[in-house]
Amino acid sequence: GRNCSFLQEMDVIQKRDENCYCYVQNRTIHLQYVWSTLQVKVNSREIFRFEPISEKSNCRNSETVFEFAACAVQVFWKPETSTETLMSIKQYGDDICFKIQPSKTEPYTVSVKREMLDGKLLVLFVSGIFLFHFANSLSRSTKFFYLSGVILGVLALLVFVLLTLKRFIPRHSTFWILMSGCWMSSLYFIYCFKENMQWLWSEHRNYLLGYFLTVGITSFATCYQHGPLTTELSITLFTWTLQLTAFVLIYCGVTIPQVAYAVIAVSLCSKGLCYPLGAACHIGRKMKNHFKSKKLVFKCLTEEEYREQGEAETIRALEELRSFCRNPDFPSWLAVSRLQSPHR
């Protein structure tokens, strides 16, 4: 029911009074916009209130977990007050609406600019591909285990603390209920930090660095005390967690969801084909060795082996000759007559 102004690419709007703005997404898919975003910048000399307007009043209509988390965050999100704000809009996401409430009659400017290659999206996409294909080797790396523990402790401190205290929780159902709550709280804090990162870094840099340093050192010490993963079950679970994280990075790293689904499907197929191809190659090698004619292997004797074998064979041949000559059926006179040296 609001008379909102519709934003388009390359718009520069300057106003003084309160107003709402909407950007309607283009539903035609173009692959050249797979890493493209629109940057909406609002700046003024005086402070203003930036309030996102969500068309989805009921979070139960969300199609994915990410949409539900974003909707739940927006319900508790307070309008941001500042003199400048920057919002990044994905090309094929939902329609975006927001309201600007200036504190005074000072003019404010709303500008829209397209960024054809968003470096953040590209880094997320490449990181997801790398993490998925090397998840098995990374899960067995001690250094990566410590690095993952530090990152988890900094970004999701409640989850890290709950994992550390898991052995003190007797029932698995209680643990998973607490884990769900910790993850939801961590997602909310991550969203708040992402939205206010520029303000926090400029106004509270020392506290932010102190938090990173303290939590990072504590997380590393806890992981070092616990030690790296040793059992195959824990390594397998860690591998699956890394692959699931890779899927999230791939999904967040592109603006077209269909492209993300296709890349995830191709990655799963390529990973799943490794086992049948490996089994086929193993069977082929076995069949080849079975039907392959065995070649004779000749071994050369050393001089010592040649002398020993010659003496042994000579003694054996002389014994056979003596035994043959002692045979009553042996024609001794005929044999002696044919020898050149009978006495010898």
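Contact here means heavy atoms within 4.5 Å. All views show a predicted model.

**View 1. Surroundings of Ile250.** Leaving out residues up to four places away in sequence, Ile250 touches Leu124, Phe125, Gly128, Ile129, Ala260, Val263 and Ile264. Ile250 is also listed among the residues with the most contacts inside the largest nonpolar core.

**View 2. The largest nonpolar core.** This core has 19 residues, and those with the most contacts inside it include Phe125, Leu131, Leu242 and Val254. At least two residues each are supplied by helix H2 (119-133), helix H3 (135-139), helix H9 (232-252) and helix H10 (257-272). H9 gives the largest share, five residues. Domain 1 (5-117) and domain 2 (122-255) each contribute at least three residues to the core. Another core, of 16 residues, lies apart from it and includes Val42, Phe50, Tyr108 and Val112. In soluble globular proteins, nonpolar side chains tend to be buried together.

**View 3. Leu138 in helix H3.** Leu138 is found in helix H3. Its relative accessible area is 17%, so Leu138 counts as buried, the cut-off being under 20%. Beyond its neighbours within four places in sequence, Leu138 is in contact with Phe130, Leu131, Phe144, Phe238 and Leu242. Of these, Phe238 is 100 residues from Leu138 in sequence, while the C-alpha atoms of the two are 9.4 Å apart.

**View 4. Salt bridge between Glu232 and Arg140.** The side chains of Glu232 and Arg140 meet in a salt bridge, at 3.4 Å from N to O. This pair links distant parts of the chain, 92 residues apart: Glu232 belongs to helix H9, and Arg140 to the loop between H3 and helix H4 (142-155). Arg140 is partly exposed, at 47% relative accessibility. The whole structure holds eight salt bridges.

View 5. Arg316 and Glu320 form a salt bridge of 2.8 Å, N to O. The two are separated by about one helical turn because they are four residues apart in helix H12 (residues 303-325). Arg322 and Glu319 are three residues apart in helix H12, about one turn of the helix. Arg322 is partly exposed at 40% relative accessibility, and Glu319 is partly exposed at 45%.

Technical notes. Residues numbered from 1 in each chain as written. Predicted model: local features only at pLDDT ≥ 70, side-chain atom pairs only at ≥ 80, totals over all residues. Heavy atoms only, no water. Core = buried A, V, L, I, M, F, W, Y, C linked by side-chain atoms within 4.5 Å. Buried < 20%, exposed > 50% of the residue type's maximum accessible area, 1.4 Å probe, protein only. Domains from an automatic or database assignment. Salt bridge = Lys/Arg side-chain N within 4 Å of Asp/Glu carboxyl O.
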